[in-house]
Amino acid sequence: MSLLDVRALSAFYGDFQALFGVTLEVAEGETVAVIGANGAGKSTFLRAVAGALPVPAEAVAFDGRPVGGRPSHALVDLGIVLVPEGRKIFPSLSVEENLQVGAHRRRPGPWTLERVYRLFPVLGERRTQPGTNLSGGEQQMLAIGRGLMANPRLLLVDEISLGLAPVVVQQLYRTLEAVRAEGTTLLVVEQDVSRVLAVAQRVYCFRKGSVSLQDVPARLTRERIAAAYFGA
Amino acid sequence: MLDRLTLAVGEREAVGVIGPNGAGKTTALNVLAGRLRPDRGRVLFDGRDVTALPAHARCRAGIALTHQIPHPFEAMTVFENVLVGATYGRGRRERDAHADCLATLEQTGLRARANTRAGALTLLERKRLELARALATGPRVLLLDEIAGGLTEPEVQQLVAVVRDVRASGVAILWIEHIVHALRSMVDRLVAIDFGRALMDGTPEAVLSSAEVQRVYLGIEP
């Protein structure tokens, strides 16, 4: 059974329809990546799954139960956690306090302050500083660390490697691989297609609010990806 | 944040800056643009000491900065956003600036979006607008802070083409970016920064093949 089972999900911003019948599944323990041009609906999709947009209950099932449209905090209790686009660090809080916010409704699990500081040592060094004193890439680390602090079953990460140095991206993916091995399921939006093909078990490409391609990396050629991006 | 950093950009030159997160790259651009004051050291522009000049005066002098996360005036149109650069940033009178603003929109591929509210733009368009606003100030040097971040590969290439065109028009470029191949495709020199200092400064090939840069930045173990 899928951990996340999204069926024919449509979503709107007011009158504007951003998603048109998206169907997507993620099995427990999998890493699934969503790629696609900017504006294709990738972030909207993650927001809809995380309860930030109104969607019908039956459109999103988690662990076999319909959860669409539930408020985000209730979804965090179930283990669905979003690392949002644009980092959204609390400017009035320190690095450590930002992390503690992530633990507010934490489930039991491996992620603790200590563990996050081991993943991103620079956050430990700057634990008392305001979150917005960090560099852009460090804020991205903080946003990911804050998400992990909830001990998610399903971690949704928007633009996972945005602003991170290649060495950190490499280290992050290596760590996420370990997290996944422990049972956390990952659904990531990533622009780096070659990275996606190396780490994801399955890949979905979005185009204009719909799924234009889904497959395992071994069967994805450059031509098929290009066609799915641009609708050749 | 910065420790006796020395960094130079020649007229019409394109220089890329790489370095680990927190190395001081954005801080360096902010010091050059006048948003931060250095505790020690000087910023020279065209031979003149501009260390004491505030950001708006440096902008008028010809130093323009684009931000990592674009912050346009969301409720204003694309054209109006660019007009702010041309008037407040360059000192033009509004009616004299119209033609230049249209030319800037053309150059950055935004002409068809001129009357769109900036808040309705896609990410690539927001990045283009960030560039257009900076160009409207008439810079001699353009400081780019991760302008390609978050873009898909084809979008990165489109943006690189615009930056290359800007550079060909005679504007010097200082560009921070983690998308190393985008930098390598157009800069004359690369500077690698770590702990607020220049670790290495040379041709892209020389810098990227250095063992230290590979270790601290690219994550390649020897």
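Which residues of α4(B) are buried? I put this to the model, which is a predicted one.

**Entry 1: helix α4 of chain B.** I found B:Ala97, B:Cys101, B:Thr104 and B:Leu105 buried in α4(B). I recalled that an α-helix has 3.6 residues a turn, so residues three or four places apart point the same way. I then looked for what lies over the buried residues of α4(B), and the cover includes α3 (78–87) and α5 (123–135) of chain B.

I checked the length next. Helix α4 of chain B runs over residues 94–107, and its 14 residues should span 20 Å at 1.5 Å a residue; the end C-alpha atoms are 20 Å apart, so the two agree. I also noted a bend of about 25° in α4(B), at B:Asp100. Just past α4(B), I read a positive phi of about 75° at B:Gly109.

**Entry 2: helix α1 of chain A.** I looked up residues 42–49 of chain A and found eight of the eight buried, so helix α1 is largely enclosed by the rest of the structure. Just after α1(A), A:Gly51 has a positive phi of about 85°.

**Entry 3: the cores.** Where does A:Val49 sit in the largest nonpolar core? I found that this core has 71 residues, and that A:Val49, A:Leu9 and A:Leu156 touch the most other members. Setting aside neighbours within four places in sequence, I listed the contacts of A:Val49 as A:Leu4, A:Val6, A:Val60, A:Ile80 and A:Leu156. I also noted a second, separate core of 68 residues, which includes A:Leu162, B:Val17, B:Leu32 and B:Leu151.

Key: Residues are numbered from 1 along each chain as its sequence is written. Chains are lettered from A and ligands numbered from 1 in the order in which they are written. This is a predicted model: local features need pLDDT of at least 70, side-chain atom pairs count only at pLDDT 80 or more; totals for chains, interfaces and linings use all residues. Helices (H or I, at least four residues) and strands (E, at least two) are DSSP runs, numbered from the N terminus. The expected span of a helix is 1.5 Å times one less than its number of residues. The bend at a residue is the angle between axes fitted to the seven residues ending there and the seven starting there. A residue is buried if 20 or more other C-beta atoms lie within 10 Å of its own, exposed if 12 or fewer, and partly exposed in between; C-beta atoms are placed from the backbone. Two residues are in contact if their C-beta atoms, placed from the backbone, lie within 7 Å. A nonpolar core is a set of buried Ala, Val, Leu, Ile, Met, Phe, Trp, Tyr and Cys residues joined through C-beta atoms within 7 Å.
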